[in-house]
Amino acid sequence: MTIADLITYNQMVVDDELDRLFHALADPTRRDLLRRSADGELSVSRLADGYAMSFAAVQKHVAVLERAGLVTKARHGREQLVRTDPVAIGRARAALDELEAAWRGRVDRMADLLTSPTRGEDR
Amino acid sequence: MTVTTIDKDTEALTLTLIADFAAPLEAVWELWADPRKLERWWGPPTYPATFVEHDLTPGALVTYFMTGPEGDKHYGWWKIGTVDAPRELTLEDGFGDADGRPLTDKTGQLRMRLFEHQGGTRMELHDRFPTIEQMEEMLKMGMEEGLREAVGQMDALL
């Protein structure tokens with residue numbers, strides 16, 4: 001395996017992980033589940049009480065969140081308690097921070113162009 | 001002086017940005033509408049953008065590529081939604097192949113509006129968090145930019 005193969009392979013693994021993360025975050029019910037699971041005190045059935053949808057549907061959403069690494073489940077007596085993983089949420093936040101940095105750079109360049117429109121034109 | 005406020009909603013994956021420019025509204029619109037001006041700010045200096053097709057009419061496909069430090073090319077596109085020149089532009093954006101064909105149907109959503117504000121122009125922008133492919137590209141380029149800025153700050157200190 002060459003270095004390039006290895007980088008490609010790593011990239012694929014990262015892509016796959018992030019893909020799951022953003023798929024999980026793209027649904028309003030799942031985002032709500034993340035908020036309600038912040039303290040890690042609710043079981044799937046308690047979480048399901050808060051929605052009009054079936055227990056099975058809520059269970060599916062929790063499974064998507066779990067695969068994305070956004071929540072973990074911990075056994076507590078006969079119940080499985082769901083807890084939001086702050087590290088994963090932090091990754092989403094970090095991605096938004098990067099987006100912010102990109103836009104700040106763009107706005108700075110726009111302002112430069114507006115104040116000295118000919119600068120750098122001959123590059 | 002450009003005043004920028006940025007609001008990030010982690011759960012809705014959107015970024016809202018407000019920037020004030022000391023320039024007339026038409027001049028700010030031109031930065032989007034004129035591809036030669038657009039390519040001087042869209043990509044960071046380390047990944048300058050070249051717009052291949054550019055037509056701000058509803059439904060049109062705008063194509064561009066960004067050239068990385070190793071000569072690597074990253075192709076992107078905009079699909080124009082609504083246009084109310086010189087005040088409002090909405091578009092979907094994503095990454096594509098060398099022919100400008102979208103690589104994926106998952107896209108980011110951008111809405112840009114301009115207002116006359118205190119003798120200058122206010123730009124209000126909503127960017128829905130991009131998809132995984134775009135985000136990966138964005139992260140790579142954003143980090144480059146962050147580093148460049150850090151280096152610039154170091155230069156200023158020396």
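**Exercise 1. Find the residue with a positive phi in the hairpin of β2(A) and β3(A), and work out how its strands pair.**

Let's start at the turn of this predicted model. The hairpin of β2(A) and β3(A) leaves 2 residues between the strands, and A:Gly77 there has a positive phi near 65 degrees.

Next, follow the strands away from the turn. Strand β2 of chain A covers residues 71-76 and strand β3 of chain A covers residues 79-84; they pair in the antiparallel sense over 6 bridges.

**Exercise 2. Which elements build the largest nonpolar core, and which residues touch the most other members?**

Begin with the residues. The core holds 31, and those touching the most other members are A:Met110, A:Leu114, B:Phe21, B:Val28, B:Leu31 and B:Trp41.

Then move to the elements. At least two residues each come from α5 (86-115) of chain A and from β2 (14-21), α1 (25-33), β4 (61-67), β5 (73-84) and β6 (88-95) of chain B. Helix α5(A) gives the most, with 8 residues.

Zoom in on B:Phe21. Leaving aside neighbours within four places in sequence, B:Phe21 is in contact with A:Met110, A:Ala111 and A:Leu114, as well as B:Thr2, B:Val28, B:Gly120, B:Thr121 and B:Met123.

Finally, another core of 14 residues lies apart from the largest one, and its members include A:Ala24, A:Leu47, A:Leu65 and A:Val82.

Notes: Residues numbered from 1 in each chain as written. Chains lettered and ligands numbered in written order. Predicted model: local features only at pLDDT ≥ 70, side-chain atom pairs only at ≥ 80, totals over all residues. Pairing = 2+ DSSP bridges. Helix = DSSP H or I, 4+ residues; strand = E, 2+ residues; numbered from the N terminus. Core = buried A, V, L, I, M, F, W, Y, C linked by C-beta atoms within 7 Å. Buried ≥ 20, exposed ≤ 12 C-beta atoms within 10 Å, placed from the backbone. Contact = placed C-beta atoms within 7 Å.
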